[in-house]
Amino acid sequence: MTRPLIIAVDGPAASGKGTIAARLATHYGLPHLDTGLLYRAVGLAVLDAGQDLGDAAAAEAAALSLDIVGLADNLRLTERDAGEAASRVASHPGVRAALLKLQQDFAAQPRGGVLDPRDIVTVFAPEAVASLYVIVNA
């Protein structure tokens, strides 16, 4: 049985890891997951439901029901409110556990996948066939 091709791209914010990950996914014909968008999507889901970002149960429920299809195309996830909401919901252990499982399931697809950003190599995909850490020298 062929081992799935899991490529993990890590690095600090604004290092270009997202661009590199997207291009690798295209090159190898693999699905790509920008894991930072997951927290933004959960935060927006809580806000859209009219719930409090501090409500751990509401945030965990949003994380457990998160659909990643089309996530990268949702322009709302790039807005400031989404970033602020992501920071709030990321503090809930249930959200982190639910999203960890989602990321591990994504990486475990039969063909594999490309995942980014932060801590993806050490935390979410230590079994990656290729692990890249991108830095920028100014």
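In what order do the elements of the chain run from the N terminus on? The order is β-α-β-α-α-α-α-β-α-β. That comes to six helices and four strands. Helices here are DSSP runs of H or I with at least four residues, strands are runs of E with at least two, and both are numbered from the N terminus.

Some ground rules. This is a predicted model, where local features need pLDDT of at least 70 and side-chain atom pairs count only at pLDDT 80 or more, while totals for chains, interfaces and linings use all residues. Residues are numbered from 1 along each chain as its sequence is written, and side-chain values use heavy atoms, with hydrogens and water left out.

Now the chain as a whole. It has 138 residues, and 41% of them are buried. Buried means under 20% relative accessible area; exposed means over 50%; partly exposed is in between, with a 1.4 Å probe and protein chains only. Next, contacts, meaning heavy atoms within 4.5 Å. Take those between residues at least 6 apart in sequence: 79% join residues at least 24 apart.

On to the core. A nonpolar core is a set of buried Ala, Val, Leu, Ile, Met, Phe, Trp, Tyr and Cys residues joined through side-chain atoms within 4.5 Å. The largest one has 28 residues. Those with the most contacts inside it are Leu-33, Leu-38, Val-42, Leu-66, Leu-71, Val-95 and Leu-99. Which elements give two or more residues to this core? They are H2 (36–48), H3 (56–64), H4 (80–89) and H5 (93–107). H2 gives the largest share, seven residues.

Look at Leu-66. Leaving out residues up to four places away in sequence, Leu-66 touches Leu-38, Ala-41, Val-42, Leu-99 and Leu-102. There is also a second, separate core of eight residues, including Ala-21, Ala-25, Leu-30 and Val-114.

Next, helix packing. Two packed helices are described by the angle between their axes and the distance between the axes. Axes are lines fitted to C-alpha atoms, for helices over the stretch in contact, and angles run from 0 to 180 degrees between N-to-C directions. Under 35 degrees counts as roughly parallel, over 145 as roughly antiparallel, 65 to 115 as roughly perpendicular, and the rest as oblique.

First pair: H2 and H5. The angle is about 130 degrees, with the axes 11 Å apart. H2 and H5 are therefore oblique to each other. From H2, the contact uses Leu-38, Tyr-39 and Val-42. From H5, it uses Val-95, Arg-96, Leu-99, Leu-102 and Gln-103. These residues divide into six nonpolar, one polar and one charged. Here Ala, Val, Leu, Ile, Met, Phe, Trp, Tyr, Cys and Pro count as nonpolar, Asp, Glu, Lys and Arg as charged, and the others, Gly among them, as polar.

The angle is about 10 degrees, and the axes are 8 Å apart. That makes H3 roughly parallel to H5. H3 brings Ala-59, Glu-60, Ala-63 and Leu-64 to the contact. H5 brings Gly-94, Val-95, Ala-98 and Leu-99.

Ala-107 and Ala-8 are 99 residues apart in sequence, yet 9.2 Å apart in space, C-alpha to C-alpha. Lys-101 also lies in H5. At a relative accessible area of 49%, Lys-101 is partly exposed. Its C-alpha is 9.4 Å from that of Leu-64, 37 residues away along the chain.
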